[in-house]
Each structure stands twice: as C-alpha cells, then as structure tokens.
Amino acid sequence: MGLEMGRKKGFYEKYIKRGFDIFCSGLAVLCFGWLYLILAVLVKIKLGSPVLFIQPRPGMADSKTGKEKIIKMCKFRTMTGQRDEHGKLLPDEMRLTDFGKVLRRTSLDELPEVFNILKGDMSIVGPRPQLVRDMVFMTKEQRARHTVRPGLSGLAQVNGRNGIKWEEKLSWDLKYIENITFMEDMKIIVQTVKKAFVKQEGITEENMATAEDFGDYLLRTGKISQDEYEKKQAEAKEILSGSKTDG
C-alpha cells in the first residue's frame, strides 16, 4: 500500500524544520555527551551488553513509491535478556528492571534517538515511530502520519502518551500533520520536557510493562478477526524480512 504524498507543506516544514532538527540534536550531543556516557556505563553495569536497543520502525514514506522507509531506531536498553529453559525470552514485565523503569519514566532511554535525528531518519517533533507490526493494521488514512519524519515526541505524547486508546493516539498524529508550524513544535517540546522530567509520566499503560500492540488491541476489542490478525502479522514479517535484505 502506497501513500499519497501530495500533502501541502508550509514554509517552516519545507525550509526550516530539518535545519532546526540538526541544530538542536547537534547541540544536545555537545552539551549532554557526559550524560550519554554515564547512562551507557550504567546500562552496561546493570543490564549488560549491548547497551543500545536497536529496532526497525516505519519511517517517512518515500516520495516516489509512497512506501514507508524502515529505519533502525536506537534506544538505551531497559530490559535484561533473560530467557527460559527453552531459550525463549521471558515476558517483558519480568525483564523490565527498576533501573529500566526509571529510564522509561524520565524518557532517558530515548536519548540515543538524537542520532536518528542527525541522520535524517527522525525529527525532534512528529508522530512517534510505531512498530512495523502496528503499521500494517493502520488504515490508509492513519498511515498518512508517515508522510512526515517520525518524532522524538509528538502531539499524542503530550496528550496522554500510551494512556489513551490507539484511535486517539493516531488521531493526534493526523492532527499534527495538518498544520506543522514552528510555534506548534516549540509548544510540544516544552510540554514534553514538563511531562518527562517534571511530572515523570511513564510511557506504559496501566498494569502493562509495555504498550499493547495495535493488532492485539484490535483483536482483543473484536474489531478484527483472528484470520485478519494473522494475515497482517505475516505481512509485517515480510516487510521486516525485506528490510533486512535491503540492508
């Protein structure tokens, strides 16, 4: 499924936003390099190697094909690699440590995404990059969120984060891409800092170590059938397999 890339872009989005991203992310690395080093050492001591958790996520769609580019998003690890006697990873809630919870609650685990921003795969503000297995369950309208670079934070994150339903979350993303301005981005940045570091609001849902997948949510609420669910999961695996082949 390809996306229509004819969305009108304002002056800020066309000519300023990318430069603003480079300036701010570069400044963050220069000013907080010491913090990155300290966190990397702590993760190494408390959780072991690797220090970074790298995961493929849908990025901005290609302007010609309309298909989402699969990016490699970087975060600090928050879970151990503990496995059961059969070699299968233990459930998230068993692998998420107290140290990991602190990193998530303060959003410090997200700091390595600054390098994704410098590279051009992400922006400071934009729809959060979801999982590929979430993307395949989105409607074509919802996937319009991928006509912009995914962000470190966005409207959904300052309006409930994972405490709101999937439909609301995606609706906030679509609202953001309707009117991308410098003042709107600055407002989201200020609200993000308040929520992450002042209020220390977590990203997980109540009684869940990690957010529920979109497909699991749709299946649980009876909005899709088991057959539809399995077909979409197979589609996600095919996309991920193709992204690995492409390098």
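From the N terminus on, the protein chain runs α-β-β-α-α-α-β-α-β-α-α-α-α. That comes to 9 helices and 4 strands, where helices (H or I, at least four residues) and strands (E, at least two) are DSSP runs numbered from the N terminus. This is a predicted model: local features need pLDDT of at least 70, side-chain atom pairs count only at pLDDT 80 or more, and totals for chains, interfaces and linings use all residues. Residues are numbered from 1 along each chain as its sequence is written, and side-chain values use heavy atoms, with hydrogens and water left out.

**Confidence**

- Mean pLDDT (the predictor's confidence in each residue, from 0 to 100) is 89 for the protein chain. A value of 70 or more is reached by 90% of its residues.
- Among the elements, strand 3 (residues 123–125) has the highest mean pLDDT, 97. Helix 2 (residues 92–95) has the lowest, 86.
- Residues 203–207 stay under 50. For this stretch the model has 10 contacts (heavy atoms within 4.5 Å) beyond four places in sequence.
- Where pLDDT is low, the predicted coordinates should not be read in detail.

**Overall packing**

- The protein chain has 247 residues, and 43% of them count as buried. Buried means under 20% relative accessible area, exposed over 50%, and partly exposed in between (1.4 Å probe, protein chains only).
- Of the contacts with a separation of 6 or more, 71% join residues 24 or more positions apart.
- The chain exposes about 13700 Å², by the Shrake-Rupley method with a 1.4 Å probe; for residues, only the protein chains shown count as cover. Carbon and sulfur atoms supply 58% of that area.

**The hairpin of strands 1 and 2**

- Strand 1 (residues 52–61) pairs with strand 2 (residues 68–76) in the antiparallel sense, over 8 bridges. Pairing requires at least two bridges found by DSSP.
- Between the strands lie 6 residues. In this hairpin, glycine 66 takes a positive phi near 75°.
- Alanine 61 stands opposite glutamate 68 in strand 2.

**Salt bridges across the chain**

- The structure holds 16 salt bridges. Each is a side-chain nitrogen of Lys or Arg within 4 Å of a carboxyl oxygen of Asp or Glu.
- Glutamate 68 also forms a salt bridge, with arginine 143, at 2.9 Å from N to O. Glutamate 68 lies in strand 2 and arginine 143 in the loop between helix 5 (132–135) and strand 4 (151–153), so the pair ties together parts 75 residues apart in sequence. Both glutamate 68 and arginine 143 are buried.
- Lysine 75 meets aspartate 109 in another salt bridge, with the closest N and O atoms 3.7 Å apart. This pair links distant parts of the chain: lysine 75 sits in strand 2, and aspartate 109 in the loop between helix 3 (98–105) and helix 4 (113–119), 34 residues apart.
- Lysine 75 is buried at 12% relative accessible area. Aspartate 109 is buried too, at 1%.
- Lys75 and Asp109 belong to a salt-bridge network that also includes Glu110, Glu113 and Arg128.

- Lysine 232 pairs with glutamate 235 in a salt bridge, their closest N and O atoms being 3.7 Å apart.
- The two residues are 3 apart in helix 9 (residues 226–245), so about one helical turn separates them.
- Lysine 232 is partly exposed at 32% relative accessibility. Glutamate 235 is partly exposed at 29%.
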